[in-house]
Amino acid sequence: MKNNNILTVLRVFTALAVWFIIYKCYGVFIDPMLEGRLPEVIRMIFSAMVVPYTLGIGAAYLIVRGMKKPDRGYIASGSVEVTPGFILKSFLIQMGMAMPVMMILNIIMRIMGFPAQGMTFEQVWGEHKIFYLVLLLIFAPIVEELFFRKLFLDRLLVLGEKKAILMSAILFGLPHLFSQGLPQLFSTFLVGLVWADVRVKTGKLWPGILLHMLFNLYGCYFTIFMAQNNSRAMIVVLLNLIILPVSAIIIRLSGRSKKPATAQVNL
């Protein structure tokens, strides 16, 4: 990797690190001081929404501001039209890649004696279900796509499309390691590849936002709800370990056989 490319990656990584430090410092030092002084849901809004995505993103932007970006129109090449079929195929690919990895790693960690990681039924269906509904299905998909697939990816594209997609997915996965555990690190890395690829192929941000919403809807609501009953849980196992992965493989293989060699970016 050329020196300029290394500096680009380091600068974007520094922006992510500063964002994460602000987020964690608030949670460790400030949030406990507000306990008993503010309603719990207000503290949750500050911790999960306001601080990381105002102060945190603001600080990250100051670090990457002025960085060289590719010529205008580099992303928006229009090589792929956004259609319902494209969204469906992208959804099946992201779920077929991420869900088996997440499920298998969670099973391995449970066998090894580690506690379950990720969102719980009590969180998404409990006392603060409205908060998590807004956070997971509206707020996070919009703001995280702006952060990772706009602010960061636009600047990483000077590395070239494939390297930028890979690096943006790595940067997207890393914070999830600390917030939700090892299975989420790998699963969010994989969906990060898909969402960055969709952004580059279509030149648009909203398809990634929609796919992000659908991923959270399936993973945080459908899967968790189904897992509460043994018979329903078997349906999830069948979907996540067989149907979705096979569908993703078929779509990828059929896509490679039809598209020109230079038309799209491989995941």
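Ile111 lies in helix α3. Helices here are DSSP runs (H or I, at least four residues), numbered from the N terminus. At 69% relative accessibility, Ile111 is classed as exposed. The cut-offs are these: buried is under 20% relative accessible area, exposed is over 50%, and partly exposed is in between, with a 1.4 Å probe and protein chains only. Between the C-alpha atoms of Ile111 and Ile251 there are 33 Å, and the two residues are 140 apart along the chain.

The model is predicted: local features need pLDDT of at least 70, side-chain atom pairs count only at pLDDT 80 or more, and totals for chains, interfaces and linings use all residues. Residues are numbered from 1 along each chain as its sequence is written, and side-chain values use heavy atoms, with hydrogens and water left out.

### Two buried residues

Ala98 is also placed in α3, which spans residues 84-111. Its relative accessible area is 0%, so Ala98 is buried. Contact means heavy atoms within 4.5 Å. Not counting residues up to four places away in sequence, Ala98 touches Ser187, Leu190, Val191 and Phe215. Thr14 is 84 residues away from Ala98 along the chain, with 27 Å between their C-alpha atoms.

Asp31 belongs to helix α1. With a relative accessible area of 13%, Asp31 counts as buried. Apart from residues up to four places away in sequence, Asp31 touches Tyr26 and Arg43. Asp31 and Phe46 are 15 residues apart in sequence, and their C-alpha atoms are 8.5 Å apart in space.

### The nonpolar cores

A nonpolar core is a set of buried Ala, Val, Leu, Ile, Met, Phe, Trp, Tyr and Cys residues joined through side-chain atoms within 4.5 Å. The largest one has 50 residues, and Trp19, Phe147, Phe152 and Phe215 touch the most other members. Elements giving two or more residues to this core include α2 (40-64), α6 (161-180) and α9 (230-258). Helix α3 gives the most, with 9 residues.

Phe147 is in contact with Leu16, Trp19, Ile57, Ala60 and Phe152, leaving aside neighbours within four places in sequence. A second, separate core holds 11 residues, among them Met44, Tyr132, Leu136 and Ile224.

### Two helix pairs

Two packed helices are described by the angle between their axes and the distance between the axes. Axes are lines fitted to C-alpha atoms, for helices over the stretch in contact, and angles run from 0 to 180 degrees between N-to-C directions.

| Helix pair | Axes come within | Crossing angle |
|---|---|---|
| α1 and α5 | 9 Å | roughly 155° |
| α7 and α8 | 9 Å | roughly 155° |

The angle makes α1 roughly antiparallel to α5. Angles under 35 degrees count as roughly parallel, over 145 as roughly antiparallel, 65 to 115 as roughly perpendicular, and the rest as oblique. From α1, the contact uses Thr8, Val12, Ala15, Leu16 and Trp19; from α5, it uses Phe147, Phe148, Phe152, Arg155 and Leu156. By class, the residues of this α1 and α5 contact are 8 nonpolar, 1 polar and 1 charged. Nonpolar covers Ala, Val, Leu, Ile, Met, Phe, Trp, Tyr, Cys and Pro; charged covers Asp, Glu, Lys and Arg; the others, Gly among them, are polar.

In the other pair, Val191, Trp195, Val198 and Thr202 of α7 meet Pro207, Gly208, Leu211, His212 and Phe215 of α8. This contact of α7 with α8 has 6 nonpolar, 3 polar and no charged residues.
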